[in-house]
Amino acid sequence: MTHNTRDEALAVVILAAGEGTRMKSALPKVLHRIGGLPLVEHVLDTARGLAPAHVLVVVRHERDQVAEAVLGVAPEVVIVDQDEVPGTGRAVEVALAEIPEFAGDVLVLSGDVPLLDAGILAELLRSHREAVAAATLLTAVVDDPTGYGRILRGANGRVTRIVEQRDALADEAAVREINAGVYVFRAPELRGCLSRVGVSNAQGEKYLTDVIGLLRADALEVAASVTPDVSLTLGVNDRVQLSEAGRALNARTVRHWQLQGATIQDPDTTWIDVTATLAPDVTVLPNTHILRSTVIATGAVIGPDTTLVDCEVGERAVIRRADATLAVFGPDTSVGPFAYVRPGTQLFAAGKIGTFVETKNSIIGEGSKVPHLSYVGDTTIGRHVNLGAGAITANYDDLAKHRTEIGDEVHTGSHNVFVAPVRLGEGAKTGAGAVIRKDVPAGALAVSVAPQRNVEGWVEDHRPGTGAAQAAARARSAQKADDGAQESHG
Ligand code: UD1
Ligand code: MG
């Protein structure tokens, strides 16, 4: 559904002032995240899909935090401060006071109902306008209505009013049709009713839901649209519902990418943020998290057991059992198993970050490999380099970080330490166990370990009676017997 032109007769009010007591959290409820974005941001995205003339977000609890999050993604939004009168009705009332001349339709959305899509809202608005109703609400028939407002209908089947869970009588509470917290009202009638809503209910709040009963008492038309997809109307009031909404959103996201041509072997254990992108013919194996603005190119194989945060993955890259953040992997690269790739890592085409390797703020050139048991930090590696197993860049001297530079075609021995700042020229080689403290010229061999010296008989002299001494003695006498036999035959 795309809207190019602004709908001048539409204002959207998003309710985000509540404390969210049931979350038991220091963070305001609407800033808790699913699919990588705060709840309120999902609602904003959906609202903006309708191209309304006004978007107003009502805040109060932790208002600065909520306002900052909202304005950060939608600077055109009008932030409205709710006063000390509590309740969803009061929230809408203060929002309407910001647009006193507006006489069109007001779509009210809750900052804690994140899964709606623009299509269902456009349909709600269309049916509202077609029916020329004073209000149209979205309802859902659910198995467990606990916590939601119940829709009460008269003998003719028409909505008479909404009763909140805490104010409901037993037979009312048994109703399984619930208020989704999503409504369209005609602004003049809404203003009129809100001024008449009181606070005599279990919570002492000015309920928006009371408007429905008042409209009907005035013999005005109230329409209700029952959604066929209950999961869209899920409200988040506690952490159980937060995880349910997160799972439902993730299922939707996974399905979307599957239909776009990605193979996702196990949707239940694959988590993809709404901000990530997968090309066709990407394969995702179980237990994999693809987060934030990660982009994965065609042919790449990700997982199992992999987390990518804000990464760019090239064509045909293979990333297994790895944890990577803010990294770029070129085409045909190979990562893991068991790699920890930290921000600022750039692995160029056909490069490798292998097993038990940690990298940070480093460039690894085309075709270069860091295959085993290494730490590479603040390093620039040229093309076709091979770092031996156990390479460590000592980048930190207790005061500052320093860079290691390794030229094209360098091959280093196992278990080297590169004490930065240090540079290895093109084609240089190093011996096993070298500690490289000084620059190595292009084409040189650097060795830094003392020549080996064997002290014969040391173990039997200094560790008599141990298993090692006994084994050494056995080996020595076998050797002697061998030597004797050779002599007698020779
Ligand atoms: C509300 C509805 C209920 C519906 C449910 C759907 C009312 C009285 N009840 O209940 O019928 O089934 O949503 O999810 O409307 N808010 C404000 N200012 C306030 C109070 C709340 O802006 O003074 C905001 C909250 O931040 C939240 C939204 O309004 O985003 C809904 O408030 P909440 O307390 O969650 O209402 P529910 O109990 O879920
Ligand atoms: Mg709620």
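## The magnesium site

At 13% relative accessibility, N237 counts as buried; buried means under 20% relative accessible area, exposed over 50%, and partly exposed in between, with a 1.4 Å probe and protein chains only. N237 matters here as a ligand of the metal: N237 (OD1) and D112 (OD) coordinate the magnesium ion (ligand 2) at 2.1 to 2.3 Å. The pair links distant parts of the chain, 125 residues apart, with D112 in the loop between β6 (105-110) and α4 (118-131) and N237 in the loop between β11 (222-226) and α8 (239-259). D112 is buried too, with a relative accessible area of 14%.

Donors are N, O and S atoms within 2.8 Å of the metal (3.2 Å for Na, K and Ca), and water is not among the atoms, so sites may look incomplete. The helices (H or I, at least four residues) and strands (E, at least two) named in this report are DSSP runs, numbered from the N terminus.

## About the model

This is a predicted model, in which local features need pLDDT of at least 70 and side-chain atom pairs count only at pLDDT 80 or more, while totals for chains, interfaces and linings use all residues. Residues are numbered from 1 along each chain as its sequence is written, chains are lettered from A and ligands numbered from 1 in the order in which they are written, and side-chain values use heavy atoms, with hydrogens and water left out.

## Around ligand 1

Which residues come nearest to ligand 1? Of the 24 residues around this ligand, they are Q82, G87, T88, E164 and N179; a residue is near a molecule or strand if one of its heavy atoms lies within 4 Å of it.

K29 contributes a polar side-chain atom, 3.1 Å from a ligand oxygen. On its own, ligand 1 has 750 Å² of accessible area, and the protein covers 90% of that; such areas come from the Shrake-Rupley method with a 1.4 Å probe, and for residues only the protein chains shown count as cover.

## Strands and sheets

Nine strands form an open sheet with parallel pairing, in the order β14-β17-β20-β23-β26-β28-β30-β32-β34. Its edge strands, β14 (277-278) and β34 (422-424), each pair on one side only. Two strands pair if DSSP finds at least two bridges between them. Within this order, β20 (residues 312-313) and β23 (residues 328-329) are joined in the parallel sense by two bridges, with V313 partnered by F329.

Elsewhere, strand β22 (residues 322-325) has A322 and A324 on its covered face and D323 and T325 on its uncovered one. In a regular strand the side chains alternate between the two faces of the sheet. Three parallel bridges connect β22 to β19 (residues 306-309), where T307 has D323 as its bridge partner.

## Backbone details

Most residues other than glycine have a negative phi, and most peptide bonds are trans. V132, in the loop between α4 and β7 (135-141), has a positive phi near 50° and is exposed at 59% relative accessibility. R316, in the loop between β20 and β21 (318-319), has a positive phi near 60° and is partly exposed at 42%.

A cis peptide bond with omega about 5° joins G303 and P304, and P304 sits in the loop between β18 (301-302) and β19. Another cis bond, with omega about 0°, joins A420 and P421; P421 lies in the loop between β33 and β34.

## Cysteines

How many disulfides does the structure hold? It holds zero, a disulfide being a pair of cysteine sulfur atoms within 2.5 Å. C193 is buried at 2% relative accessibility, and C311 is buried at 2% as well.

Conventions: A polar contact is a pair of N or O atoms within 3.5 Å; within protein, one must be able to donate a hydrogen and the other to accept it, and residues adjacent in sequence count only if both atoms are side-chain atoms.
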